[in-house]
Amino acid sequence: MSHRFSLHNQVALVTGASRGLGQALAVGLAEAGADVGLIDINDCRKTESLIQDLDRKSHYWQYDLQYIGQEDARQLIDSVQSYFGQLNILVNNAGIIRRSPAKNMSEQDWSGVISLNLNTIFYLSQAAGSYFLSRGTKGKIINLASMLSYQGGLQVASYASAKSGVAGLTRALSNEWASHGIHVNAIAPGYFKTEVTRGIRTDPVRNQKILERIPAGAWGDPNDLKGAVVFLASDASQYVHGTVMAVDGGWLGR
Ligand SMILES: NC(=O)c1ccc[n+]([C@@H]2O[C@H](COP(=O)([O-])OP(=O)(O)OC[C@H]3O[C@@H](n4cnc5c(N)ncnc54)[C@H](O)[C@@H]3O)[C@@H](O)[C@H]2O)c1
């Protein structure tokens, strides 16, 4: 059974991999046997060395993904596949959040979030999907969605809009590419301990309200996502297409 979860001889690319969920996802893929390319606006030395300690190959590209276009995405996917000789798995993880009441939200906080959290995912997926299609190979695309792919949240209009778009994009791309052996799925994390949630975790009132609503009774640890990403990246998810998989301590069931 366990060979179905093996990622040996597979190459993954994880965006936003310098820390937080992206770092855990990248290391989780390497633990399952994959070599892993990393892209981030910051350096990914730490993640790269964690992966190399597992005797897997890793390399990072320090790159701002916020306002990339189609050609940039194509070149990035090209660079990764030239470096590793192949690409099998794309994890679209890089994302930001900007909090403010909708009536005060700046143009930058609207378009910056939509651009990185949705446009970049489309362009990278389009480039990776075209690469898989042109070679006639299987491929896996895994997008980071959110509880705000289902809910509106509080004072996060651009983020909720982008993450709802990620759920739609996941289904749309899956409908086009599933018959070609390309799996497009998403992971929707609940509330995890990372920089993105530092503001609400350090606000005692918000922290308490969130904790009370999570059936598991605790914030997620980034390592809790490793199983989901390995499942979606491996043959274990052979018949899983277009799904948004919640890993949320039970939040959505509440
Ligand atoms: N933490 C949570 O509770 C939670 C919940 C649901 C979804 N998510 C999603 O998971 C993903 C990862 O979030 P996280 O909590 O690890 O956040 P994080 O801020 O710790 O990590 C985000 C990563 O993206 C990188 N990044 C930011 N802007 C970039 C840019 N312009 N170009 C390239 N890289 C850039 C950062 O350097 C960082 O490494 C995001 O898409 C986020 O929306 C997080």
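In the predicted model, helix α4 meets helix α5 through D109, W110, V113, I114, N117, L118, I121, F122, S125 and G129, whose counterparts in α5 are S158, Y159, S161, A162, K163, G165, V166, L169, L173 and W177. By class, this contact comprises twelve nonpolar, six polar and two charged residues. Helix α4 spans residues 107-135 and helix α5 spans residues 157-177. Two packed helices are described by the angle between their axes and the distance between the axes. For α4 and α5, the axes come within 9 Å and cross at roughly 15 degrees. Angles under 35 degrees count as roughly parallel, and α4 and α5 are therefore roughly parallel to each other. The crossing of these two helices, α4 and α5, is right-handed.

The crossing in which α1 passes α2 is right-handed. On the α1 side the contact is made by Q23, A26, V27 and A30, and on the α2 side by T47, L50 and I51. Five of the residues in the contact of α1 with α2 are nonpolar and two are polar, while no charged residue takes part.

The shell holds 26 residues, of which G16, G20, L21, G95 and T194 come nearest to the ligand. In terms of residue class, the shell around the ligand divides into eleven nonpolar, eleven polar and four charged residues.

A residue is buried if 20 or more other C-beta atoms lie within 10 Å of its own, and exposed if 12 or fewer do. L252 has 13 C-beta neighbours inside 10 Å and therefore counts as partly exposed. Not counting residues up to four places away in sequence, L252 touches M147, Y150 and A246. Between L252 and S6 there is a separation of 246 residues in sequence, and their C-alpha atoms are 30 Å apart in space.

Terms used: Residues numbered from 1 in each chain as written. Predicted model: local features only at pLDDT ≥ 70, side-chain atom pairs only at ≥ 80, totals over all residues. Left-handed = near helix turned anticlockwise from the far one by under 90°. Helix = DSSP H or I, 4+ residues; strand = E, 2+ residues; numbered from the N terminus. Contact = placed C-beta atoms within 7 Å. Nonpolar A, V, L, I, M, F, W, Y, C, P; charged D, E, K, R; others polar. Near = placed C-beta within 6 Å. Axes fitted to C-alpha atoms, helices over the stretch in contact; angles between N-to-C directions. Parallel < 35°, antiparallel > 145°, perpendicular 65-115°, else oblique.
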